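Here is a briefing on the structure shown below.

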Amino acid sequence: MIDLFVQDLLSQQPNFDHAPAWLKSLRANASDRLNYLKFPTTKDEEWRNNNFSELKDIALTTVDSIVEEPITNPIHILDDHILPESAESLITFIDGRFSHEFSALEGLPTGVFIGSFKNFTHLGIDLAASLFPHIGKYADPEDFFVALNTACIDDIAVVYIPKNLNFAPTLQLLFVSHQGSISQPRCLIIVESGGSLNLVESYIGQDSPHFCNTVTEIYLGANARINHTKVQRESDTAIWISHCAIAQERSSSYTKNAIVLGAKKSRTNLQVQQLGEHTETNLNGLTLIGGEQISDTHTAIAHNFPNGNSQQLHKCIADERSHCIFNGKILVAQAAQLTNSKQLSRNLLLSPKARIDTKPQLEIFADNVKCAHGATISQIDADELFYLQSRCIDLESARKLLTYAFAAEVISKIPVDSLRETLSEVVLAKTH
Amino acid sequence: MIVENSKVILSVKNLTAEVEGVQILKGVNLEVKAGEVHAIMGPNGSGKSTFSKVLAGHPDYAVTGGEVIFKGQNLLELPPEERSRAGVFLAFQYPLEIPGVTNSDFLRLAYNTLQKQKGLAELDLLDFDDYVQDKLKVVEMNPSFLSRSVNEGFSGGEKKRNEILQMAILEPKLAILDETDSGLDIDALRIVSNGVNQLSTAENCTVLITHYQRLLDYIVPDFIHVMESGKIVLTGGKELALELESRGYDWITEEVKV
């Protein structure tokens with residue numbers, strides 16, 4: 001029996017007649033899956049700490065893709081979020097649709113494509129052949145929200161970096177959610193073998209209830225490198241669900257810095273598959289929330305081949321009545337001998353009413369591996385406060401400085417100067 | 001140095017204090033005047049470190065009696081940051097590591113807070129950098145330590161040098177050095193002691209808390225006090241250190257019992 005919420009959502013979809021055949025069948029398959037996939041509830045182990053059932057009660061509208069009038073409302077919130085480093089390498093999607101007006105893609109190197117899949121024109125490369133095999137391949141098709149996103153694909157943000165090309169500028173993908181809407185952004189990032197990319201994915205929203213359900217699939221060819229920073233600064237009334245699936249060929253390196261600050265309720269799913277030997281994965285995460293916010297992060301790194309490396313640092317700071325959840329799975333398959341994996345979950349409670357749940361989860365089937373993991377939950381250390389006070393700094397400033405320092409360990413890893421500075425200021429302002 | 005008719009900076013009378021209900025200080029009396037260097041020695045657990053923490057205002061220690069007057073002001077009624085701003089400096093036995101805060105940001109924040117308190121201009125990044133360069137020389141510290149996180153990954157000696165650097169920047173009236181010599185090799189001990197000696201003037205005073213005589217070869221005190229069971233039981237000149245070094249503390253413990 002199909003969920004009423006889904007039925008309602010699918011029925012609001014625009015007419016997809018103009019879509020290519022491969023996309024139609026992708027969507028149709030996902031729609032079929034929604035017939036048996038259940039809306040996750042707290043009875044499902046993977047969702048037990050975070051309940052999204054209120055989605056069903058919120059009357060949200062999807063954006064009709066037929067109406068082409070420009071959306072002017074979000075302009076004033078955009079300016080603050082466009083990175084100066086990305087002045088000529090920016091794509092903006094408003095409510096899941098490509099916005100020409102707010103995208104700037106000047107003088108891209110030959111062979112690079114960045115933009116809506118609808119504009120994908122590549123000399124000598126067949127669209128269906130080069131993109132279609134990747135779309136829907138990495139994100140778990142049996143996940144309810146992934147299926148929902150796939151069933152509704154209208155536009156796709158595509159980044160294609162050809163073989164051995166180092167794309168030097170910082171590329172920014174900016175996703176804006178408009179008031180009272182459902183937006184389901186879809187991204188596909190392909191860096192072919194030997195290529196490299198520095199990517200910033202930003203999510204912002206207008207200060208109104210809306211639902212953003214995003215799916216990003218990333219493919220790294222052999223020896224490819226991606227440094228990926230994802231920043232979620234949604235409005236405090238938004239509901240935000242994100243899936244990011246990464247497939248890494250041998251000797252590739254993927255580094256992620258994920259920052260979650262906004263949304264009333266948010267869920268981040270991150271899945272990494274190592275598809276060859278000597279593959280490297282670095283995941284850094286920071287969640288800083290307060291008020292009544294709930295933020296849930298589920299990550300999984302699958303080591304399937306020998307000599308794989310992974311490092312993960314996840315930090316949560318929960319203030320007031322907020323609730324942070326972290327679940328970090330590391331899978332080491334039997335073939336993945338000589339895997340070297342480290343995971344650390346560090347958590348800071350700023351208020352007696354705040355809550356943090358953390359769960360490192362290691363499943364190791366190989367016998368010759370090095371896997372370390374640790375989890376801590378603490379308050380601000382009283383001795384550290386005293387140390388700062390004994391250096392003239394008052395208690396309030398000392399608290400702020402120590403909280404900031406806790407967050408700074410993750411923020412300092414972001415390779416984009418302006419973003420690092422902005423986030424430092426945001427964090428300082430939030431730690432009161 | 002002992003200066004004739006100099007002002008009393010610190011006056012401690014009959015100070016008693018406890019931690020978690022256990023009485024540690026049982027009536028400490030001490031008077032320190034401008035220009036003087038005092039050493040407090042004594043066996044482990046005699047209350048030396050507790051005394052230093054009580055003076056700096058550590059929240060775990062509860063004062064149960066007595067008084068502490070610092071430059072004519074009741075020190076005990078001030079929170080820790082007010083004490084440090086008034087000119088009390090505690091060099092920690094175990095300086096804390098603060099990952100994520102650079103040493104220079106930390107030093108500048110401390111310095112500017114003090115400047116603000118005094119009604120003086122705060123220094124911006126560049127001006128503060130100039131100011132610090134001179135202070136680094138006091139403890140022969142490499143400027144690269146400024147851009148590292150506070151004490152993170154510092155060796156024992158580097159941490160102690162960083163403490164004296166903070167002292168050089170904040171220019172306290174009363175410096176309390178809690179076991180500053182512990183964990184130092186001979187070169188680091190020389191550098192740290194040189195730093196302390198350079199900062200010692202006729203206007204300020206120093207209280208050294210130490211277990212060993214070794215430090216007193218480098219920083220020569222005007223007075224030595226021996227603490228035992230939460231009280232100062234013996235006071236003498238610098239020659240007392242040698243006697244303690246050869247005879248240990250047991251004879252004092254015995255005499256106190258008698």
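In this predicted model, α7(A) lies across β13, β15, β17 and β19 (340-349) of chain A and runs at about 150° to β17(A). α8(A) also packs on the sheet, touching β9 (196-205), β11 (225-233), β13 and β15 of chain A. The direction of α8(A) makes about 35° with that of β11(A). Contact here means heavy atoms within 4.5 Å. Axes are lines fitted to C-alpha atoms, for helices over the stretch in contact, and angles run from 0 to 180 degrees between N-to-C directions. Helices (H or I, at least four residues) and strands (E, at least two) are DSSP runs, numbered from the N terminus.

**Conventions**

- Residues are numbered from 1 along each chain as its sequence is written, and chains are lettered from A and ligands numbered from 1 in the order in which they are written.
- Local features need pLDDT of at least 70, side-chain atom pairs count only at pLDDT 80 or more, and totals for chains, interfaces and linings use all residues, while side-chain values use heavy atoms, with hydrogens and water left out.

**The sheet of chain A**

- Ten strands make an open sheet in the order β3-β2-β6-β9-β11-β13-β15-β17-β19-β21 (chain A), and the pairing is mixed. Two strands pair if DSSP finds at least two bridges between them.
- β3 and β21 (370-378) of chain A are at the edges with a single partner strand each, so one side of each has no neighbour in the sheet.
- On average, neighbouring strands of this sheet are turned by 10° against each other, direction ignored.
- β15(A) and β17(A) run parallel and are joined by ten bridges. T287(A) has C316(A) in β17(A) as its bridge partner.

**Strand β2 of chain A**

- All six of the six residues of β2 (residues 89-94) of chain A are buried, so the strand is largely enclosed by the rest of the structure. Buried means under 20% relative accessible area, exposed over 50%, and partly exposed in between (1.4 Å probe, protein chains only).
- In a regular strand the side chains alternate between the two faces of the sheet.
- S89(A), I91(A) and F93(A) point one way from β2(A), and L90(A), T92(A) and I94(A) the other way.
- Five bridges link β2(A) to β3 (residues 97-105) of chain A in the antiparallel sense. S89(A) stands opposite L105(A) there.
- β2(A) and β3(A) form a hairpin with two residues between them, and D95(A) in the turn has a positive phi of about 50°.
- β2(A) runs parallel to β6 (residues 166-177) of chain A, with five bridges. T92(A) faces L174(A) in β6(A).

**Largest pocket**

- The largest pocket holds about 680 Å³ of space. A pocket is an open set of points on a 1 Å grid over the protein atoms alone, with protein on both sides within 12 Å along at least five of seven lines; a cavity is a set of points where a 1.4 Å probe fits but cannot get out; lining residues have an atom within 4 Å of a point.
- Grid points are joined across faces, edges and corners, and a volume is the space filled by probe spheres set on the points.
- Of its 23 lining residues, L401(A), Y404(A), G100(B), V101(B) and D105(B) are the closest to the centre.
- α7 (395-411) and α8 (417-430) of chain A, with β7 (98-102) and α3 (103-117) of chain B, each supply at least two lining residues. α7(A) gives the largest share, seven residues.
- The lining divides into nine nonpolar, seven polar and seven charged residues. Ala, Val, Leu, Ile, Met, Phe, Trp, Tyr, Cys and Pro count as nonpolar, Asp, Glu, Lys and Arg as charged, and the others, Gly among them, as polar.

**Second largest cavity**

- The second largest cavity has about 110 Å³ of space.
- Its lining has 15 residues, and A258(A), L270(A), G285(A), T297(A) and H314(A) lie nearest its centre.
- β15(A) gives the largest share of this lining, five residues.

**Chain B**

- Six strands form an open sheet in the order β6-β9-β10-β3-β11-β12 (chain B), with mixed pairing.
- α7 (residues 240-247) of chain B lies across β3 (37-41), β11 (223-228) and β12 of chain B, at about 40° to β11(B).
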